[in-house]
Amino acid sequence: MSLSLYTDFTPKANHDSIIQVGPLRFTVLTPRLIRMEFNPTENFEDRASQVFWYRKQAAVSYTKSETKDKVTIQTSHLNLTCDVERSVHSFHDLQIQLKKSGFIWHYGQENNTNLGGTVRTLDNVNGAISLDPGLVSSTGWSVVDDSHSLVFREDGWLVPRNAHPAAKDLYFFGYGRDFTACVQDFQKISGQVPLLPRFTLGNWWSRYWPYTQEELIALMDDFSERQVPLSVCIIDMDWHIVETGNESSGWTGYTWNPKMFPEPKKFLDELNNRGLKKALNLHPAAGVYPHEMQYKAMAEQLNMDPLSEEPVPFQISDPDFSDAYFNILHHPLEEMGVDFWWIDWQQGTKTEIEALDPLYWLNHLHFYDIARNGEKRPFIFSRYAGLGSHRYPIGFSGDTMVTWEMLQFLPYFTATAANVGYGWWSHDIGGHMGGIEEAELYLRWVQYGVFSPILRVHSTNNPYHERRPWGFDAQTEAYASAAFQLRHALIPYIYTAAWQNYKNGILPIRPMYHIHPDEIDAYQYPNEYTFGSELIACPFTTPRDPETRLSRQVIWLPEGDWFDFTIGEYYEGGGWYAFYGGLDQIPVFAKAGAIVPLAASTGTNSVDLPKSLTIHVFPGADNTYQFYEDDGETNDYKHGIYATREMSQIQHENKTQFLIRPISGDSSFLPPERTCSVIFHALLPPESLKTEVDGHEFSGSYEYNKDKHQLVVKNLPYASSSELSIEIIASEPGFYRKDLRYDNINTMLKVFKLNSYTKQQLAIQLNDLVLNPLLLVPYADRMKHSHLLALAETLMGKQRLKISDDPDTAYQSLVNKILHL
């Protein structure tokens with residue numbers, strides 16, 4: 001057998017961390033994570049389970065005491081007690097106290113405060129659904145029952161446990177509200193999130209449609225000519241024969257369809273020449289039928305008579321079948337040029353091995369098979385198969401509906417998956433099927449996709465579904481194309497976030513309560529989330545109001561200073577805003593001091609390390625940002641072949657210093673000549689500017705835009721070994737803060753569907769309205785509720801109490817407030 005199986009587990013815990021008392025065994029894995037086992041035979045399990053691979057951790061300081069009838073274990077955070085004498089058939093009177101909060105968990109207790117995790121699939125979903133439990137809760141605990149998971153043999157194959165029917169294997173997570181540490185420690189025990197190849201972070205094209213190779217190449221050229229960059233082209237199931245002439249439905253296939261792809265090698269080469277990675281759709285459940293080119297080899301490999309023409313059944317739980325499955329069906333296609341597989345498994349949860357889910361095993365085997373030569377960086381593209389799936393990104397969320405309700409659910413769904421360490425969901429951007437296709441909905445899906453883990457457009461084979469930016473109207477094309485271009489520009493920033501995920505277990509997209517666990521407001525708006533270390537996002541997910549012609553989004557900004565990422569406008573934190581925007585706007589905010597490196601646009605599909613960077617710098621706080629780069633595709637980064645570069649800014653009174661340190665690490669793979677431009681946002685007019693390279697003054701070009709309050713320092717040398725310093729002396733301390741209400745009201749009045757005389761009167765009275773929003777009341781009978789709400793919420797600005805995301809409820813609240821005043 002030549003299967004690539006993983007065997008580098010360290011599942012047996014440190015001996016000093018184990019406390020066994022008869023049929024009870026407790027393992028202190030961290031000060032806040034305890035494994036709790038009960039087995040009447042005292043035959044405890046030390047092999048790696050499907051979820052937990054690395055129980056051997058550094059010894060933890062704890063105390064224990066044992067009496068005839070009681071065992072007590074204390075760590076710095078937890079106090080565990082259990083009745084030993086009466087723990088005959090199961091744990092008896094087992095409880096754990098969280099020392100900081102005083103909360104006491106009792107064995108068997110339901111967790112009604114769990115903050116959620118994720119689910120296997122969103123197939124056929126149209127809006128919000130319940131999620132499986134996560135590892136965190138508002139009361140600070142969770143329990144993972146690992147009693148029935150399979151375990152790995154020494155050769156890396158899964159087998160059932162040899163456990164007593166009453167045996168229990170539980171993991172207690174008692175992290176309080178330190179949600180980040182909880183997820184980090186889970187990854188230490190279960191395994192790291194691998195670093196994704198760089199190309200996965202670009203734009204993916206996918207559509208279930210019977211393209212010919214000429215049509216698909218022409219489509220890729222259309223994207224290129226319109227300067228809409230792509231990094232991946234997925235060929236859905238029509239790449240293979242679907243009209244089989246036998247009992248096979250045609251969903252499973254491994255033989256190129258000669259009518260559609262007469263020259264598959266040439267086709268794959270042409271995609272490769274255009275800078276695109278290639279993936280094929282895979283539905284393996286039906287096995288291999290005699291119409292397949294590989295049938296004879298498969299049958300003979302598995303000791304079947306090819307002349308019988310009996311189908312080779314799919315048996316992924318059989319090592320012999322799995323060996324042939326990869327070597328005969330997949331490796332030749334990969335040698336032809338296929339870069340990865342879309343594992344589209346939808347056919348149940350059972351195999352010949354009891355309790356082995358075929359989805360889990362497909363994900364595991366495919367992940368390690370793609371890495372078999374040790375050079376190619378592994379990842380898969382498949383549905384979620386339960387806890388531990390974070391080790392096998394990327395997740396395919398399934399066939400969702402084309403509706404606003406579905407779009408509105410996705411930001412919450414994606415961010416909440418961080419509660420089980422699952423950070424790389426890929427959704428069918430635009431929706432998969434059904435619903436009503438409309439330009440605005442498509443655009444908002446794409447804009448959300450920019451600030452989601454993976455941007456992959458997709459739809460079913462209905463001619464009335466459209467995923468090309470130019471398939472609607474000129475305005476949609478312009479805004480959607482800009483969004484696709486922004487996504488490729490963001491790759492350096494997202495890739496650095498992916499590195500942090502691999503290195504430190506910090507996911508790029510997290511709920512706001514991960515960052516502000518003690519703020520009640522952080523739990524109250526689920527569609528807002530972090531995007532890397534410097535940004536928070538809350539994209540528009542509801543349609544524009546027909547009267548205001550604007551979208552509305554409720555956002556919460558934590559204490560501190562915040563800036564609109566795209567235009568640099570200032571927002572005071574510590575409250576709620578109703579944010580109104582046009583079709584070209586995406587509510588994304590940079591924290592005070594944020595440093596965000598973007599790739600300069602090249603107008604191509606390239607995701608190579610950029611030769612030119614544009615670094616966005618926001619004021620308000622000192623900050624240090626570690627920028628990460630490597631070759632993007634191989635495993636060399638695991639051997640120290642990568643580069644980090646520290647970027648920092650220090651602000652003191654009216655002086656700002658921005659510093660880029662020399663590369664730390666290996667720079668051999670970096671472009672030899674690079675430049676960068678630095679954009680300083682919300683900057684007061686500069687009185688002086690000094691730029692130095694390695695301590696020597698550099699005479700570069702710069703431009704200060706008085707309207708945008710941006711200073712752009714252009715075309716600076718970005719050599720790996722050089723240190724770059726920019727010192728700015730502004731006209732006065734601080735940064736540019738403007739009362740946005742005037743500009744925002746004027747913008748609203750321009751786009752409102754409202755009588756022009758009324759608009760004019762409002763504009764004339766604007767100064768008074770800013771001072772006293774109650775002056776809007778006399779206009780109430782001359783405008784729609786949505787007009788009045790938009791004007792009032794904009795005039796009132798930041799609110800201390802949460803604003804309703806439902807406009808009707810918000811309007812009624814506004815009326816009640818006016819009546820009260």
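1. Let's start with a helix pair: H5 and H6 cross in a right-handed sense. One thing to keep in mind throughout is that this is a predicted model. The two axes, those of H5 and H6, come within 12 Å, and the crossing angle is roughly 50°.

2. Who touches whom here? On the H5 side, the contact is made by Ser322, Tyr325, Phe326, His330, His331 and Glu334. H6 answers with Leu362, Leu365, His366, Asp369 and Ile370. Sorted by class, the contact of H5 with H6 has 5 nonpolar, 4 polar and 2 charged residues.

3. Stay in this region for the cavities. The structure holds 7 cavities of 30 Å³ or more, and the largest cavity contains about 70 Å³ of space. Its lining consists of Phe326, Glu334, Phe340, Trp341, Ile343, His366, Asp369, Ile370, Phe379, Ile380 and Phe381. Helix H5 (319–336), strand S16 (340–343) and helix H6 (358–370) are the elements that give two or more residues to that lining. By class, the lining of the largest cavity splits into 8 nonpolar, 1 polar and 2 charged residues.

4. Now the second largest pocket, which has about 800 Å³ of space. It is lined by 34 residues, and those closest to its centre are Pro133, Val144, Asp145, Gly386 and Leu387. Which strand gives the most to this lining? That would be S9 (residues 142–145), with 4 residues. The lining of the second largest pocket comes out as 16 nonpolar, 12 polar and 6 charged residues.

5. Next, a backbone point. Pro393 and Ile394 are joined by a cis peptide bond, with omega at about 20°. Ile394 sits in the loop between strand S17 (381–382) and strand S18 (395–396). Have a look at this one, because most peptide bonds are trans.

6. Helices H8 (residues 439–450) and H9 (residues 474–489) pack with their axes 9 Å apart, at an angle of about 10°. H8 and H9 are therefore roughly parallel to each other. From H8, the contact uses Ala439, Tyr442, Leu443, Val446, Gln447, Gly449 and Val450. From H9, the contact uses Thr476, Tyr479, Ala480, Ala483, Phe484, Leu486 and Arg487. In class terms, the contact of H8 with H9 has 10 nonpolar, 3 polar and 1 charged residues.

7. For background, most residues other than glycine have a negative phi.

8. The contact is made by Leu749, Lys750 and Val751 of H12, together with Lys759, Leu762 and Ala763 of H13. By class, the residues of the contact of H12 with H13 are 4 nonpolar and 2 charged, with no polar ones.

Definitions and conventions:
Residues numbered from 1 in each chain as written. Predicted model: local features only at pLDDT ≥ 70, side-chain atom pairs only at ≥ 80, totals over all residues. Heavy atoms only, no water. 1 Å grid on protein atoms, 1.4 Å probe; cavity = no way out; pocket = protein on both sides within 12 Å on 5 of 7 lines; lining within 4 Å. Points joined across faces, edges and corners; volume = space filled by probe spheres on them. Nonpolar A, V, L, I, M, F, W, Y, C, P; charged D, E, K, R; others polar. Axes fitted to C-alpha atoms, helices over the stretch in contact; angles between N-to-C directions. Left-handed = near helix turned anticlockwise from the far one by under 90°. Contact = heavy atoms within 4.5 Å. Parallel < 35°, antiparallel > 145°, perpendicular 65-115°, else oblique.
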